[in-house]
Amino acid sequence: MTSRPRRAVCPGSYDPVTNGHLDVVARAAALHDEVVVTVLHNPAKAGTFSVAERVAFVERGLAAAGVRNARVEAFSGRLLVDVCREVGADVVVKGLRGATDFAYELPMALMNRHLTGVETLFLPGAAEFEHVSSSLVKEVVRYGGDVTGLVPDEVRDALVARLRADG
Ligand code: PNS
């Protein structure tokens, strides 16, 4: 009897991807046969980057990190549990940077399990990226700070071009 592949979903807005995200996806990929990174776009929210740009940044970040068993897909206006069903994943993997993340993530994990039984696994975020989030990185760039090492270099350059008046 052949068992079906263990497939996990790593969901997020990824607007844009950070090195903290890429670390979590790489570690999820080491624990599963396949990871589907799902870029979930809320149509009511204007993002900094288009969905196509976000997907491309994640794809190139994963390629640069040598992660081969992860692919990236975009979804708009969909429940995560429906996305999991569609891609055939029965587990969601998310990184936790601390207690604030846990407070934000726990109700979503419980709601998702309530809806379809999908489980959420939390991986502790790497210490060097504990302070890194897409929103903080954008704010730092907007006001002239350097985010080298916190996001892929091409994301840093795209953020400067998009958010800084002199970019
Ligand atoms: O990058 P983020 O903000 O941590 O991502 C949050 C995201 C996109 C994973 C979450 O908002 C989500 O799952 N959205 C899809 C819609 C949905 O299923 N909402 C109900 C969650 S219980």
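**Backbone features, ligand surroundings and helix packing**

Tyr14 lies in the loop that runs between strand E1 and helix H1, where helices (H or I, at least four residues) and strands (E, at least two) are DSSP runs numbered from the N terminus. The structure is a predicted model, in which local features need pLDDT of at least 70 and side-chain atom pairs count only at pLDDT 80 or more, whereas totals for chains, interfaces and linings use all residues. Residues are numbered from 1 along each chain as its sequence is written, and side-chain values use heavy atoms, with hydrogens and water left out.

Although Tyr14 is not a glycine, its phi is positive, at about 50 degrees. The loop between E1 (7–12) and H1 (19–31) also holds Pro16, and the peptide bond that joins Asp15 to Pro16 is cis, with an omega of about 5 degrees. As background, most residues other than glycine have a negative phi, and most peptide bonds are trans.

A polar backbone atom of Leu80 is 2.8 Å from an oxygen atom of the ligand, an N or O atom in the side chain of Tyr104 is 3.3 Å from an oxygen atom of the ligand, and a polar side-chain atom of Lys94 lies 3.5 Å from an oxygen atom of the ligand.

Helix H3 (residues 80–87) packs against helix H4 (residues 99–116) at an angle of about 55 degrees, with the axes 9 Å apart; axes are lines fitted to C-alpha atoms, for helices over the stretch in contact, and angles run from 0 to 180 degrees between N-to-C directions. H3 and H4 are therefore oblique to each other, since angles under 35 degrees count as roughly parallel, over 145 as roughly antiparallel, 65 to 115 as roughly perpendicular and the rest as oblique. The contact (heavy atoms within 4.5 Å) is made by Leu80, Val81 and Arg85 of H3 together with Asn112, Leu115 and Thr116 of H4.

Helix H6 (residues 153–163) packs with helix H5 (residues 134–142) at an angle of about 60 degrees, their axes being 9 Å apart, which makes H5 oblique to H6. Val137, Lys138, Val141 and Arg142 of H5 make this contact with Leu159, Val160 and Leu163 of H6.

Helix H2 (residues 51–64) also packs with H6, at an angle of about 155 degrees and with the axes 10 Å apart, so that H2 is roughly antiparallel to H6. Here Glu53, Phe57 and Arg60 in H2 meet Glu154, Val155, Ala158 and Arg162 in H6.

Key. A polar contact is a pair of N or O atoms within 3.5 Å; within protein, one must be able to donate a hydrogen and the other to accept it, and residues adjacent in sequence count only if both atoms are side-chain atoms.
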